[in-house]
Amino acid sequence: MIKFEKVSALIERNNLDALLIMSPYNRRYLSEFTGSSGAVIITKDSRYLISDFRYKAQGAAEARHFDFVLQTKGLLDSVMEFLQEKNIKTLGFEGEHVNFNTYDQLKKEFELVPLSGEIEKIRMYKTPEEVELIRKACGIADEAYDHILKYIRPGMSELEVQNELESYMRKLGASGSSFDMIVASGYRGALPHGSASGKIIESGEMVTLDFGAYYKGYASDITRTFGVGSVSDEMEKIYSIVLDAQTSSVGEIKTGMTGQAADKIARDIITEAGFGENFGHSLGHGLGLEVHEMPSISKRSENILEKGMVITVEPGIYLDDIGGVRIEDDCLVTELGLEKLSRSSKELFII
Ligand SMILES: [Mn+2]
């Protein structure tokens, strides 16, 4: 498998005897083990998953390409004992995930090589199977959005909308929301990360929903903004600028572009319309096992967009105390440009 070839190259490049992975998403990505505790150890010629008694059967079944090692002590003690038995001297570890106490213990016995973001870089390139899971997670979000547009009425609270959306996605097969969803109505729409509150949704307001589903471990993340009853001229104007920035970006982003160049497509349109100061976040991010992962699509990002990556495209304009508009799709980077995985309509919709 391509991911194991890349890990072997990483081990070789850094002259490691073994690589130790303990962070949950990287552990799951490499081993396919979905349990909540364990460690992955990869040497030049073997792969091991260490976990405890609770996960003995599950670990062995899920981590098909790994030998299961039963943990008999605390996880770190068992890991260290195993590494010593295997005569490991030079050990690569996840610099940005290992805490000080673990580091302090490991350094007593091994020559440590910190690696940062290396597994995350491999995770950027999705296999066709991973893309299909994300596509399914997007389909669930699209169908739930369709449902919620028929469900919402003025007088409902943002929390009621959140609960309905979440339970509907579960009915469609999601294991849950992929993150704490945003339901921001009226003036709260100016908060790019306004989680659902007890605020009542009123006629004449716009509502921003930013939400997603987890399906078999893979996330979707979509945003739509719609009107309730009627929409002011000012908000309608902002909506059309954001829509133009979003569709232009989806149409023009290509393989080989930097995150910075991709971000600039939307930012230039919004800035030219006079709202540059009101678009204070990045255009997008990678999506997969985590709802935010590499690559970054931002003003400063030098990540190169390549075939097989899945990214979000989500420009927004926020006016303090008035409201906001954001539109977000999830897209696969292909040789021909972006392929949209989320399909909900982006025409301004008034319920
Ligand atoms: Mn997003």
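Which residue in β12 is the bridge partner of Val207? I looked this up in the predicted model. The partner is Phe226.

**Entry: strand β9**

I started from β9, which spans residues 206-211. I found six of its six residues buried. I then checked which way the side chains point. Met206, Thr208 and Asp210 face one way, while Val207, Leu209 and Phe211 face the other. Both sets are buried.

Next I looked up the neighbours of β9. Strand β12 (residues 222-227) pairs with β9 in the antiparallel sense, over six bridges. Strand β8 (residues 182-185) also pairs with β9 in the antiparallel sense, over four bridges. There, Ser185 stands opposite Val207.

**Entry: the two domains**

I took the bounds from the domain assignment: domain 1 is 2-122 and domain 2 is 128-340. Their C-alpha centres lie 35 Å apart. I see six residues of domain 1 in contact with eight of domain 2. The buried area comes to about 550 Å², and carbon and sulfur atoms give 69% of that. Tyr25, Arg28 and Tyr29 supply 76% of the area that domain 1 buries against domain 2, more than any other three residues.

I also asked what polar links cross here. One residue pair is in polar contact across the interface. On the domain 1 side, α2 (24-31) and α6 (118-123) each supply at least two of the touching residues. The largest share, three residues, comes from α2.

**Entry: salt bridges**

I searched the whole structure and got 23 salt bridges.

Lys3 pairs with Glu32, with the closest N and O atoms 3.7 Å apart. Lys3 sits in helix α1 and Glu32 in the loop between α2 and β2, so this pair ties together parts 29 residues apart in sequence. Are the two partners buried or exposed? Lys3 counts as buried because its relative accessibility is 10%, under the 20% cut-off. Glu32 is partly exposed at 30%.

Asp104 pairs with Lys107 at 3.2 Å between the closest N and O atoms. Both lie in helix α5 (residues 100-109), three residues apart, about one turn of the helix. Asp104 is partly exposed at 25%, and Lys107 is partly exposed at 43%.

Arg326 meets Glu314 at 3.9 Å, N to O. Arg326 is in strand β17 and Glu314 in the loop between β15 and β16, twelve residues apart. I find both of these residues, Arg326 and Glu314, buried.

Last, I noted a salt-bridge network that links Arg123, Lys126, Glu290 and Glu293.

Terms used. Residues numbered from 1 in each chain as written. Predicted model: local features only at pLDDT ≥ 70, side-chain atom pairs only at ≥ 80, totals over all residues. Heavy atoms only, no water. Buried < 20%, exposed > 50% of the residue type's maximum accessible area, 1.4 Å probe, protein only. Pairing = 2+ DSSP bridges. Domains from an automatic or database assignment. Contact = heavy atoms within 4.5 Å. Buried area = accessible area lost by both parts, 1.4 Å probe. Polar contact = N/O pair within 3.5 Å; in protein donor to acceptor, adjacent residues only side chain to side chain. Salt bridge = Lys/Arg side-chain N within 4 Å of Asp/Glu carboxyl O.
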